[in-house]
Amino acid sequence: MKISKKYMKPRIVLHDVCQTVFLSSSQIKAINSMSLFDWFKKAMNLLDNQKVKLAVVAEGLSQETKWVQFIKDNKLEVQCHGMWHIEMHKFDYKRIYEDLVLAKGIIENTFDQKITEFHPPKLKVCPAMYEVCKDLQMNLVLARWRPDHLLQGINVPEVYIHYWSQRHLNQIREVLIRQQSPEKL
Ligand SMILES: [Zn+2]
């Protein structure tokens, strides 16, 4: 682990994009104030000019048409966060394969982009998941770094955020302020 006082500009991966079901208790709390799409737009507003990547949950794409259009209009990179936002690491090879081949196809067809990465829900993995990803020519990306790691001065190429978490957005805002004002380091 490289510790540095210099803040590089890591790519920011937004998890849970277009998720509509299997919401966690934290997500349910978040949608009391506004919809997940509104949270997403708020995050994207903050992340203007940053390198971002979207980890998309395929189940929501047919319903979240405005969200899909927003992603297309802004030419954002999408990757796969699963068919459903569930603990896939509990499944066997066959079920994981069926879910991922479906999710990959739906996301590729929706956005006309090649999907090369799987970002597992809840960052939980199992050996079968690695096998499936290899067979589907996807990289299993397990980026555990969060914005608070950036605030600790740890240089990483990629961090994930929950765009619906005000805490994560506040941390990102602080990271961006420090990037713009190196004298604060
Ligand atoms: Zn997630």
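**Figure 1. The loop that holds Phe22 in the predicted model.** Phe22 sits in the loop that connects strand 1 to helix 1 (25–30). The model shown here and in the other views is predicted. Phe22 is not a glycine, yet its phi is positive, at about 55 degrees. Most residues other than glycine have a negative phi. Phe22 counts as partly exposed, because it has 14 C-beta neighbours inside 10 Å, and a residue must have 20 or more to be buried.

**Figure 2. The whole chain.** The chain has 7 helices and 6 strands. Read from the N terminus, these elements follow the order β-α-α-β-α-β-α-β-α-β-α-β-α. The C-alpha trace spans about 55 × 35 × 30 Å along its principal axes. For 185 residues, a compact globule would have a radius of gyration near 16 Å, and the chain agrees with this at 16 Å. Of the 185 residues, 32% are buried. Among contacts between residues at least 6 apart in sequence, 71% join residues at least 24 apart.

**Figure 3. Strand 1 and its two partner strands.** Strand 1 covers residues 11–17 and runs parallel to strand 6, to which 5 bridges join it. Arg11 has Glu158 as its bridge partner in strand 6, and His15 has His162. Strand 1 also pairs with strand 2 in the parallel sense, over 4 bridges. In that pairing, Ile12 has Val52 of strand 2 as its bridge partner. Because 6 of the 7 residues of strand 1 are buried, the strand is largely enclosed by the rest of the structure. Strand 6 (residues 158–162) is likewise largely enclosed, since 4 of its 5 residues are buried.

Figure 4. Val13 belongs to strand 1. With 23 other C-beta atoms within 10 Å, Val13 is buried, because the threshold is 20 or more. Neighbours within four places in sequence aside, Val13 contacts Lys53, Ala55, His119, Ala143, Glu158 and Tyr160. Ser26 lies 13 residues from Val13 along the chain, and the C-alpha atoms of the two are separated by 19 Å.

**Figure 5. The backbone at Asp16.** Asp16 is another residue of strand 1. Its phi is positive, about 70 degrees, although Asp16 is not a glycine. Asp16 is buried, with 27 other C-beta atoms within 10 Å.

Figure 6. The largest nonpolar core holds 40 residues, and Leu14, Val17 and Val56 touch the most other members. In soluble globular proteins, nonpolar side chains tend to be buried together. Residues up to four places away in sequence not counted, Val17 touches Phe40, Leu54, Ala55, Val56, Val57 and His81.

**Figure 7. Helix 4 and what its buried side packs against.** Helix 4 consists of 19 residues, 93–111; at 1.5 Å a residue it should span 27 Å, and its end C-alpha atoms are 27 Å apart, in agreement. Buried residues of the helix are Ile96, Leu100, Ala103, Lys104 and Ile107. Seen down the axis of helix 4, these buried residues fall within an arc of 100 degrees, so they line one face of the helix. An α-helix has 3.6 residues a turn, so residues three or four places apart point the same way. The buried residues of helix 4 pack against strand 2 (52–56), strand 3 (78–80), strand 4 (117–118) and helix 5 (127–135). On the face turned away from the buried side are the exposed residues Lys94 and Asn109. Asp112 follows helix 4 and has a positive phi, near 55 degrees.

Methods
Residues are numbered from 1 along each chain as its sequence is written. This is a predicted model: local features need pLDDT of at least 70, side-chain atom pairs count only at pLDDT 80 or more; totals for chains, interfaces and linings use all residues. A nonpolar core is a set of buried Ala, Val, Leu, Ile, Met, Phe, Trp, Tyr and Cys residues joined through C-beta atoms within 7 Å. A residue is buried if 20 or more other C-beta atoms lie within 10 Å of its own, exposed if 12 or fewer, and partly exposed in between; C-beta atoms are placed from the backbone. Two residues are in contact if their C-beta atoms, placed from the backbone, lie within 7 Å. The expected span of a helix is 1.5 Å times one less than its number of residues. The arc is that of the directions from the helix axis to the C-beta atoms. Two strands pair if DSSP finds at least two bridges between them. The radius of gyration is taken over C-alpha atoms; the globule rule is 2.2 Å times the number of residues to the power 0.38.
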